Amino acid sequence: MRHYGRWVAAIIAIALIALLISAFARGDVNWNAIPDYFFDGEVLRGVRNTVWITILSMVLGVALGVILAVMRLSKNPVTASIAWGYIWFFRGTPVYVQLLVWFNLGLVFDYINIMPIYKDEWSDFMTPFLAALLGLGLNEAAYMAEICRAGIQSVDEGQSEAAQALGMSHAKTLRRVVLPQAMRVIVPPTGNEFINMLKTTSLVIAVQYWDLLQATSEVGQNSGATAEMLFLAAAWYLILTSVLSVGQYYLERYYARGSSRSLPATPLQRVRANLLSFSNRSGGVGA
């Protein structure tokens with residue numbers, strides 16, 4: 001059967017893309033400024049800080065999220081209520097607001113005193129880096145708690161009962177039996193959260209942390225290429241998210257080994273198979 005609708009839709013889509021590209025090409029944009037500043041020192045420092053704050057925020061979010069998930073599933077009503085209240089608060093308020101609150105808590109606390117470990121004024125203690133880390137990490141913990149809770153609940157209760165029948169403690173059962181099986185459910189949304197966290201770091205400009213957006217904005221103001229530097233920032237975000245997407249793909253394959261008899265071929269394996277098939281057909285025709 002001939003599917004004329006598919007060809008018409010494809011032609012319309014290509015035409016719209018061509019019009020969009022033509023509009024950007026004819027626009028008053030200095031495209032040469034983007035490669036000129038792509039590897040600028042300040043921009044690269046912003047990229048490094050963005051990656052660093054993303055990793056640290058996710059580590060904090062995942063670690064605290066696992067604890068909150070276990071607390072949420074606890075039979076102790078106090079710990080379960082505390083976890084529920086934490087998740088309710090941090091999921092119910094915007095990240096931007098939380099960042100500003102952390103940065104301005106000096107209005108409430110004049111100084112921090114953790115005797116005898118640490119004592120300092122709050123303004124010196126709450127640096128832009130720490131405000132960004134707490135604002136992003138504590139907010140992410142609320143979402144990771146729900147992801148981990150869903151993963152733990154996806155494991156059949158018979159697994160825990162069998163482990164306890166063998167004499168394992170509750171903590172050991174959770175660590176050795178439940179969590180390894182729950183990872184297959186936890187990993188995919190965690191990868192999405194990691195990518196989303198990378199883009200959310202653009203909000204830390206509110207607390208004056210030097211990230212990719214702050215760096216490109218500063219370079220744009222100094223060079224007069226404000227809009228061009230925003231396109232540059234978008235290009236760097238696309239590169240970083242693409243790298244994370246590849247890592248997420250192979251991590252999901254790793255944890256899917258126990259649930260699938262045969263894993264689907266990777267993009268590289270499919271390319272090799274197609275090249276081999278093409279070479280075999282070419283050899284057959286030549287013979």
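**Entry 1: Thr50**

I listed the neighbours of Thr50 in this predicted model, leaving out residues up to four places away in sequence, and found Leu198, Thr201, Asp211, Leu212 and Tyr237. I placed Thr50 in helix H3. Is Thr50 buried or exposed? I noted a relative accessibility of 0%, so Thr50 counts as buried. I then looked for a polar partner of its side chain. A polar atom of the Thr50 side chain lies 2.8 Å from the backbone nitrogen of Leu212. Leu212 is also among the residues that Thr50 touches.

**Entry 2: nonpolar cores**

I looked up the largest nonpolar core and noted 28 residues in it. Tyr86, Trp102, Met126, Val204 and Val207 have the most contacts inside this core. Which helices each supply at least two of its residues? I wrote down helix H3 (41–73), helix H4 (77–92), helix H5 (95–103) and helix H7 (128–153). H7 gives the largest share, ten residues.

Apart from neighbours within four places in sequence, Met126 is in contact with Trp102, Phe103, Ala131 and Leu134. I also found another core lying apart from the largest one, with 15 residues. Its members include Ile34, Leu198, Val219 and Leu240.

**Entry 3: a surface patch**

I checked the surface for nonpolar side chains. Val8, Ile12, Leu16 and Leu19 form a nonpolar patch there. Together they have about 400 Å² of accessible area. I took Leu16 as the example and found it in helix H1 (residues 4–26). I recorded 53% relative accessibility for Leu16, which therefore counts as exposed.

**Entry 4: salt bridges**

How many salt bridges does a search of the whole structure find? I counted four.

I recorded 24% relative accessible area for Arg72, which is partly exposed. Glu146 has 18% and is buried; I note that the limit for buried is under 20%.

I next looked at Glu146 and Arg91, whose side chains meet in a salt bridge at 3.5 Å, N to O. Arg91 lies in helix H4 and Glu146 in helix H7, so this pair ties together parts that are 55 residues apart in sequence. At 41% relative accessibility, I put Arg91 down as partly exposed.

I then turned to Arg149, which forms a salt bridge with Glu146; the closest N and O atoms are 2.9 Å apart. What separates Arg149 and Glu146 along the helix? I found about one helical turn, because the two are three residues apart in helix H7.

Arg72, Arg91, Glu146 and Arg149 are linked in a network of salt bridges.

Terms used
Residues are numbered from 1 along each chain as its sequence is written. This is a predicted model: local features need pLDDT of at least 70, side-chain atom pairs count only at pLDDT 80 or more; totals for chains, interfaces and linings use all residues. Side-chain values use heavy atoms; hydrogens and water are left out. A nonpolar core is a set of buried Ala, Val, Leu, Ile, Met, Phe, Trp, Tyr and Cys residues joined through side-chain atoms within 4.5 Å. Buried means under 20% relative accessible area, exposed over 50%, partly exposed in between (1.4 Å probe, protein chains only). Helices (H or I, at least four residues) and strands (E, at least two) are DSSP runs, numbered from the N terminus. Contact means heavy atoms within 4.5 Å. A polar contact is a pair of N or O atoms within 3.5 Å; within protein, one must be able to donate a hydrogen and the other to accept it, and residues adjacent in sequence count only if both atoms are side-chain atoms. Patches are made of residues with over 30% relative accessible area and no salt bridge: like charges are joined within 9 Å, nonpolar side chains (Val, Leu, Ile, Met, Phe, Trp, Tyr) within 5 Å. Accessible areas come from the Shrake-Rupley method with a 1.4 Å probe; for residues, only the protein chains shown count as cover.
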